[in-house]
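Me: I would like to understand the labels used for residues here. Can we go through some of them?

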Amino acid sequence: MNKQKLSHEVKLDVQNLTNNSTAIDYFYNNVKKEIDEIPQLSMFPVMSYTVNF
């Protein structure tokens with residue numbers, strides 16, 4: 001929406017749209033005595049609204 005000196009933006013960004021389950025980091029687990037991985041987050045929508053004037 002645009003007015004004379006004002007504009008609005010609505011955005012939708014979907015992170016990990018394909019729902020991949022990739023390891024993003026590794027760490028050593030002292031309890032299990034092995035290396036574990038930290039998985040990527042599942043699908044994550046991000047909405048934003050911006051007003052410019």
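Me: Why does Met 47 count as exposed?
Reply: This is a predicted model, and the values are computed from it. Met 47 has 63% relative accessibility. Exposed means over 50%. Therefore Met 47 counts as exposed. Met 47 is found in strand E4.

Me: Why does Asn 16 count as buried?
Reply: The relative accessibility of Asn 16 is 14%. Buried means under 20%, so Asn 16 counts as buried. Asn 16 lies in the loop between strand E1 and E2.

Me: What makes the pair of Asn 16 and Leu 41 a polar contact?
Reply: A polar atom of the Asn 16 side chain lies 2.8 Å from the backbone oxygen of Leu 41.

Me: Why is Ala 23 called partly exposed?
Reply: Ala 23 has a relative accessible area of 23%. Buried is under 20% and exposed is over 50%, with partly exposed in between. Therefore Ala 23 is partly exposed. Ala 23 lies in strand E2.

Me: How far apart are Ala 23 and Pro 39 in sequence and in space?
Reply: They are 16 residues apart in sequence. In space, Ala 23 and Pro 39 are 4.4 Å apart, C-alpha to C-alpha. Ala 23 touches Pro 39, and also Glu 37 and Ile 38, not counting residues up to four places away in sequence.

Me: Which residues form the nonpolar patch on the surface?
Reply: Val 10, Leu 12, Met 47, Tyr 49, Val 51 and Phe 53 form it. Together they have about 760 Å² of accessible area. E1 and strand E4 each give two or more residues to the patch. The largest share, 3 residues, comes from E4.

Notes:
Residues are numbered from 1 along each chain as its sequence is written. This is a predicted model: local features need pLDDT of at least 70, side-chain atom pairs count only at pLDDT 80 or more; totals for chains, interfaces and linings use all residues. Side-chain values use heavy atoms; hydrogens and water are left out. Helices (H or I, at least four residues) and strands (E, at least two) are DSSP runs, numbered from the N terminus. Buried means under 20% relative accessible area, exposed over 50%, partly exposed in between (1.4 Å probe, protein chains only). Contact means heavy atoms within 4.5 Å. A polar contact is a pair of N or O atoms within 3.5 Å; within protein, one must be able to donate a hydrogen and the other to accept it, and residues adjacent in sequence count only if both atoms are side-chain atoms. Patches are made of residues with over 30% relative accessible area and no salt bridge: like charges are joined within 9 Å, nonpolar side chains (Val, Leu, Ile, Met, Phe, Trp, Tyr) within 5 Å. Accessible areas come from the Shrake-Rupley method with a 1.4 Å probe; for residues, only the protein chains shown count as cover. A salt bridge is a side-chain nitrogen of Lys or Arg within 4 Å of a carboxyl oxygen of Asp or Glu.
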